[in-house]
Amino acid sequence: MRNYTIVFATALAAFSGAVSAQEQPKHTFYFGGVYAQVNSKAGELVGGPPVPPPGAQIDVGDGQTIGFGYVYRFQPQWSFEAALGIPPKHKGYGEGFIAPFGQISAVKQVAPTVFFNYHFGDLANGRVQPFVGVGLNYTRFIDGYSTPSGNAASGGPTTIKLTDSWGLAAHVGATFPIDKQWSIVGAIAYADVQSDLTATTTTWSGEIVRTTHIEFRPVVYTLAVGYSF
Amino acid sequence: MKNIRLLVVSALGAAVLAACGGSGDDAPPARATIITGVLAGQATIAQIDGSTAASGAQALTGKAKCDVDIRYIVYMTRDPAGQPATATEGVLVPSGSDPACTGDRPVVLYAHGTTMTHSKNMADVLHDGEAGGLMAFYAAQGFIVVAPNFLGYDASSMNYHPYLNAEASAVDMIDGLRAAKAHLAAASTIKASDKLLITGYSQGGHVAAATHKVIERDYSGEFTVTASGPMSGPHNLVKTFDVVMGPGPIAGGAVLFTSLLVTSYQGAYGNVYTNLAEVYQSPYVSQGPRLFPTDTPIPDLMAQGKLPADPTFTAMFGPGGLVTDSFRAAYPTSGFRQNAVLNTLLGWTPKRANTVALCGGAQDPTVFFFNSTDLQADWASRGFLAPAWDLESRASLPAGAAGDLIYGGFQQAKAAAGANAQAQYHGTLVPPFCIALVRGLYQQVLAAGL
């Protein structure tokens, strides 16, 4: 349930910086590992029977995946970047009254992100090439489910749906050229990812619908290898 | 350059490996994890004595020695499929300055009787007569009472109740016991001792026997059953249903028990029916796969056509009955009967001599007394001797004044009930006398240090 798009964007951004501005190859593909640290903030779940204080909330766990993307260097200091990745899985944990249930849900996120990047000049004799970028993130949540523990917390078999998210994204990173084609890129990104969660539980006496709004607030770390030409 | 490329490949490999890890779900919370535990209320000695004096039960309960803290716990357990599920329980804890109420107290693990009421809560001592009685009989005399409400009742997450499912019920009871002991260790000045006394009435008698069996089979390193007193339980379940589905007599309440049991066994084993209409006659198919437990009053269910309009709940067969002729005819080879065999509590033997007793009444029209005597005989066949106290037989009861009091009191209560004696026999008349007898066993075992 969260920032995975952001993670991909970060990875992409990282690669966008992978090529030395001096050499200026126009195309770069990158591939690497992405870690999305989610700092979620969610209101109390609303709906269903009353829950004793401090109420029932959801905390979204971190995710990791493989990211890849493409960078087009249309100007020596400017590039366009498209980032994607294998949808990472994020676990949802109970908080407040339902904290003892542990992991109550999981969801994957498909989060394509585009960036416009600005590449600074070389540092350390060209061994470090920093960059920054801003862009747009779209996150679609897929394959969400309630775990057996989540079903117990909810009071029966439960389905989970999250609305799509559109939001701004930004990243900062640096490219470490290895040779003319190869480079290593590290980047940190942040994206505005928010979603409305609806959990529908089937109980013996009917359906219970609970909702909450989640701000995922992901910080995405990317370490990738790029190939430019 | 080779080294640099190696570095690139290594960095990529490390990143990808890190990205691929950790995709499995976390294990669910351990059994008996406490979701919440609270002090829900307190009852004073004066309040308890006032209640027992008003009901006339004080001759059996005795005067209270202790005030009682009423605690309510929601805990994690497992459903029949082994999946996590929550259940709730009441825990009645003695308090006060009397030596009987201080220090580590013995634990009575109590399984309640069949109830159709979904909101059943053994912490509700004000409104639940069974819980109030236990408070007077046990907690006010210095015993900690741990009384699970069972899966599928109260705030449990389960959508049905695993009725007369021996193994599932035992798991729930054991987790309730663990949760209660952990809660008291953390939140109460009165703690549980290592003395464990198991009992229960009716369905709870079956659950108590199952719990005793399972603890000594699977949890002997964690618990020792100090004493056990299953009361009026359908221990020989298959014989009970062989009688009901066959020649009769039909047990009082059979319509309700059958409905609960069909739901339970279909839920756990899935072999009772393919289509509900195979089991229930047409008007009563409307009760769906799960009617009980519910908080809808039974007269309303009858008015809605979900139950036969018969206050004795014995309208099982034929015109206006609950069950189809074909289901009854197929019963001898059915999955339903196989499940009853599976949950018949014969063929096991308690481990500790002189610490177990059974109790009931020979004229019980609801849970036939052969259930107790069959279990007694089954144990005896392997050399384990235990009494099966029959409130109708003075000779079967303990000798002396205590036995006289029980026997005389029961006969007096029956006489006072008059024409209602049969209707009240199982649910009202027998329980207090059997509870008093079993409590006497417990006191004797504890005093003897067995």
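Let's start with helix α11 of chain B, where B:Phe336, B:Asn339 and B:Ala340 are buried. Buried here means that 20 or more other C-beta atoms lie within 10 Å of a residue's own, while 12 or fewer makes it exposed and anything in between partly exposed, with C-beta atoms placed from the backbone. Look down the axis of α11(B) and its buried residues fall within an arc of 100 degrees, so they line one face of the helix. That arc is taken from the directions running from the helix axis to the C-beta atoms. Helices (H or I, at least four residues) and strands (E, at least two) are DSSP runs, numbered from the N terminus.

Before going further: this is a predicted model, in which local features need pLDDT of at least 70 and side-chain atom pairs count only at pLDDT 80 or more, while totals for chains, interfaces and linings use all residues. Residues are numbered from 1 along each chain as its sequence is written, and chains are lettered from A and ligands numbered from 1 in the order in which they are written.

So what do the buried residues of α11(B) pack against? They pack against α7 and α8 of chain B, where a contact is a pair of residues whose C-beta atoms, placed from the backbone, lie within 7 Å. Take α7 (residues 237–245): its axis and that of α11 (residues 335–342), both in chain B, come within 7 Å and cross at roughly 145 degrees. Those axes are lines fitted to C-alpha atoms, for helices over the stretch in contact, and the angles run from 0 to 180 degrees between N-to-C directions. On the α7(B) side sit B:Leu237, B:Val238 and B:Phe241, meeting B:Arg337, B:Ala340 and B:Val341 of α11(B). The residues of this contact divide into five nonpolar, no polar and one charged.

Most residues other than glycine have a negative phi, and most peptide bonds are trans. B:Phe150, not a glycine, has a positive phi of about 85 degrees. B:Phe150 is in the loop between β5 (144–148) and α5 (166–187) of chain B, and is buried, with 30 other C-beta atoms within 10 Å. Over in chain A, A:Asp143 has a positive phi near 55 degrees. A:Asp143 belongs to strand β9 (residues 129–146) and is exposed, with 12 other C-beta atoms within 10 Å.

Which peptide bonds are cis? One runs from A:Pro53 to A:Pro54, with omega near 10 degrees, and A:Pro54 is in the loop between β2 (41–42) and β3 (56–60) of chain A. Another joins B:Phe292 and B:Pro293, with omega about -5 degrees.

Note on methods: Two residues are in contact if their C-beta atoms, placed from the backbone, lie within 7 Å. Ala, Val, Leu, Ile, Met, Phe, Trp, Tyr, Cys and Pro count as nonpolar, Asp, Glu, Lys and Arg as charged, and the others, Gly among them, as polar.
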